[in-house]
Structure formats: structure tokens, C-alpha cells
Amino acid sequence: IISFIGIDVFYKIFYLVTQSKFKKVYLDKTKINDFIFLFNLINQKKNRENSFNHKKIKINEHHKWFKKRVINDGSNMYILKDLMGTRLGQCRLDLINQEYYLDYSIDEQFHKNGLGKKIINLVLKKINKKKYNIYAKVLKNNISSNNIFKNFSKKSFKNSNVYKLK
């Protein structure tokens, strides 16, 4: 049976059954074989609710974005993994007008494990040498992400949920 399910599904089952905690995680550059993982991740119910665009993403839209963002560009986009290689989430930095905007998603199976803090900490360490400002824009009703970004914020802007991280 195990040979017919994807490795990510197997590891999700492992974590569910064993209730193991994530001791070590790391960022891996996004690769072509992350296409389906990212498609499924962005269409998870909780991740759609916490997105500025609540509509489900269609596969052809995702393919266009993936081709432009990962295949043609490939910069500043990472997959959060554990030591077994389980894909836990994604983080990307979009460069807009000489400023980075950070966006992340955690697989809803792994919410409430402190992975939001870990992924932001790892990406900030990774790009610490770059001279750009880094911001995060978060929906007001996304309480978890707002709380996380407040911890990393150098400055927040009144009446909006925009955080300056660096």
C-alpha cells in the first residue's frame, strides 16, 4: 500500500500517528518537482482563507505562475523541509520596487507546530546580507500570522497589517 502513496503523504501519516515534533527544519530552493506540492498547498482551505485572494487556484493558472516564478526566475523561493525531506510549507520573497515582500504558507496538517516562526527566522537569516527592506502584508483576520510577524517586526504601520521586518 505504501508504494502507491506519495512520500509526502506517507510522512504526513507518520507525523499524525506518532505525534512527533519537528526538531530540525531547513529551507531548500524550490524545484520543478515541487509543482504539485505547491498547487495542493495553496488550495488548502486554511491557506485560501488567509490569502488576499480567497478563490481556489486552477491548475492552468498555477502552471503559468510556476513557469514564470520558479522555472524562469527561480529566485527567493524556498520549501520548508524536515530532516526526512517532508515538505512542510513554502516561503517566497517578491521583489517589488526595490523592496521584498515576504509570503509563507504552512501545510495545514502541520499548523500549530511553531513552523511559521521557524520559516520566517530561516528566510531572514538566509537573506540577511541583502540590502533591501523586507515587508509582510497580512490579512487582519489572520491572527496567527499577525502574531508571528509582530515578533519579527521592526515597525508596523497603524491601521494596516503591514510589518517591516528588516
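A crossing of two helices is called right-handed if the near helix is turned clockwise from the far one by less than a right angle, and left-handed if it is turned anticlockwise. With that in mind, look at this predicted model and find helix H2, residues 35–42, and helix H4, residues 59–73. H2 passes H4 in a right-handed crossing.

Two packed helices are described by the angle between their axes and the distance between the axes. Here the axes of H2 and H4 come within 11 Å and cross at roughly 125°. Angles from 65 to 115 degrees count as roughly perpendicular and those over 145 as roughly antiparallel, and H2 and H4 are therefore oblique to each other.

Which residues make this meeting of H2 and H4? From H2 come Phe35, Leu38, Phe39 and Ile42, and they meet Ile59, His62, His63 and Phe66 of H4. Sorted by class, the contact has six nonpolar and two polar residues, with no charged ones.

Now step back to the whole chain. The protein has six helices and seven strands, and along the sequence they follow the pattern α-β-α-α-α-β-β-β-α-β-α-β-β. Of its 166 residues, 42% count as buried. Among contacts with a separation of 6 or more, 62% are between residues 24 or more positions apart.

Helix H6, residues 143–152, shows how burial can be arranged around a helix. Its buried residues are Ser145, Asn146, Ile148, Phe149 and Phe152. Seen down the axis of H6, these buried residues fall within an arc of 165°, so they line one face of the helix.

What do the buried residues of H6 pack against? Their partners are strand E4 (99–106), helix H5 (115–126), strand E5 (133–137) and strand E7 (162–164).

Our last stop is Leu95, which sits in strand E3, residues 87–96. Is Leu95 buried, exposed or partly exposed? Its relative accessibility is 44%, so Leu95 counts as partly exposed. Leaving aside residues up to four places away in sequence, Leu95 touches Tyr100 and Tyr132. Ser75 lies 20 residues from Leu95 along the chain, and the C-alpha atoms of the two are separated by 9.9 Å.

Terms used
Residues are numbered from 1 along each chain as its sequence is written. This is a predicted model: local features need pLDDT of at least 70, side-chain atom pairs count only at pLDDT 80 or more; totals for chains, interfaces and linings use all residues. Side-chain values use heavy atoms; hydrogens and water are left out. Axes are lines fitted to C-alpha atoms, for helices over the stretch in contact, and angles run from 0 to 180 degrees between N-to-C directions. Helices (H or I, at least four residues) and strands (E, at least two) are DSSP runs, numbered from the N terminus. Angles under 35 degrees count as roughly parallel, over 145 as roughly antiparallel, 65 to 115 as roughly perpendicular and the rest as oblique. Contact means heavy atoms within 4.5 Å. Ala, Val, Leu, Ile, Met, Phe, Trp, Tyr, Cys and Pro count as nonpolar, Asp, Glu, Lys and Arg as charged, and the others, Gly among them, as polar. Buried means under 20% relative accessible area, exposed over 50%, partly exposed in between (1.4 Å probe, protein chains only). The arc is that of the directions from the helix axis to the C-beta atoms.
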